[in-house]
Amino acid sequence: MAGSQDMFDAIVMADERFHGEGYQQGYEKGSSLGIVEGRQHGTVHGARTASEIGCYQGFALAWKCLLCTCTSEKDSKKLKVLESLIAMIEKFPYGDPTYEKLQEDLEKIRGKFKQLCALLKVQPDFRTRSEGSGLSF
């Protein structure tokens, strides 16, 4: 009778055991897939942010060359904002994705860029879609 009791317990406990093993296997597979998906998302998002900042930097450096020969008071204000934008871009922590104020600093750069565009009276259109990326006027 003890042998039949052990066999009955094994059958009843099989469901619980298989459930636990299935959970563990699913958790391990989900964790590894989550890491891969997270890395891909981070790569895409990082590339998009770097492309955006690169366009701002190229825009700023080009306008700096254009405005360096001008000496009017209006142009000096433009140059001051331009220098401020370049300094913000140079201080941006490209290599530290864990930087706490990353998004905040990025928003400040975007704001300074918009301010500069208003002073220069240009309407930039920055696109990061698959159809094309860059800065157009």
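This is a predicted model: local features need pLDDT of at least 70, side-chain atom pairs count only at pLDDT 80 or more; totals for chains, interfaces and linings use all residues.
**Exercise 1. Work out how helices H2 and H3 are oriented relative to each other.**

Solution. 
Step 1. Find the helices. H2 covers residues 73–91, and H3 covers residues 102–120.
Step 2. Read the geometry. The two pack at an angle of about 155 degrees, and their axes are 10 Å apart.
Step 3. Apply the cut-off. Angles over 145 degrees count as roughly antiparallel. So H2 is roughly antiparallel to H3.
Step 4. H2 and H3 cross in a left-handed way.

**Exercise 2. Describe the residues where H2 meets H3.**

Solution. 
Step 1. List some partners. On the H2 side, they include Lys-77, Val-81, Leu-85 and Ile-89. On the H3 side, they include Ile-109, Phe-113, Leu-116 and Leu-119.
Step 2. Sort the contact residues by type. The contact of H2 with H3 has 10 nonpolar, two polar and four charged residues.

**Exercise 3. Compare the sequence and space separations of Lys-77 and Leu-119, then classify the exposure of Lys-77.**

Solution. 
Step 1. Lys-77 belongs to helix H2.
Step 2. Lys-77 and Leu-119 are 42 residues apart in sequence. Their C-alpha atoms are 8.5 Å apart in space.
Step 3. The relative accessibility of Lys-77 is 49%, so this residue counts as partly exposed.

Methods:
Residues are numbered from 1 along each chain as its sequence is written. Side-chain values use heavy atoms; hydrogens and water are left out. Axes are lines fitted to C-alpha atoms, for helices over the stretch in contact, and angles run from 0 to 180 degrees between N-to-C directions. Helices (H or I, at least four residues) and strands (E, at least two) are DSSP runs, numbered from the N terminus. Angles under 35 degrees count as roughly parallel, over 145 as roughly antiparallel, 65 to 115 as roughly perpendicular and the rest as oblique. A crossing is left-handed if the near helix is turned anticlockwise from the far one by less than a right angle, and right-handed if clockwise. Contact means heavy atoms within 4.5 Å. Ala, Val, Leu, Ile, Met, Phe, Trp, Tyr, Cys and Pro count as nonpolar, Asp, Glu, Lys and Arg as charged, and the others, Gly among them, as polar. Buried means under 20% relative accessible area, exposed over 50%, partly exposed in between (1.4 Å probe, protein chains only).
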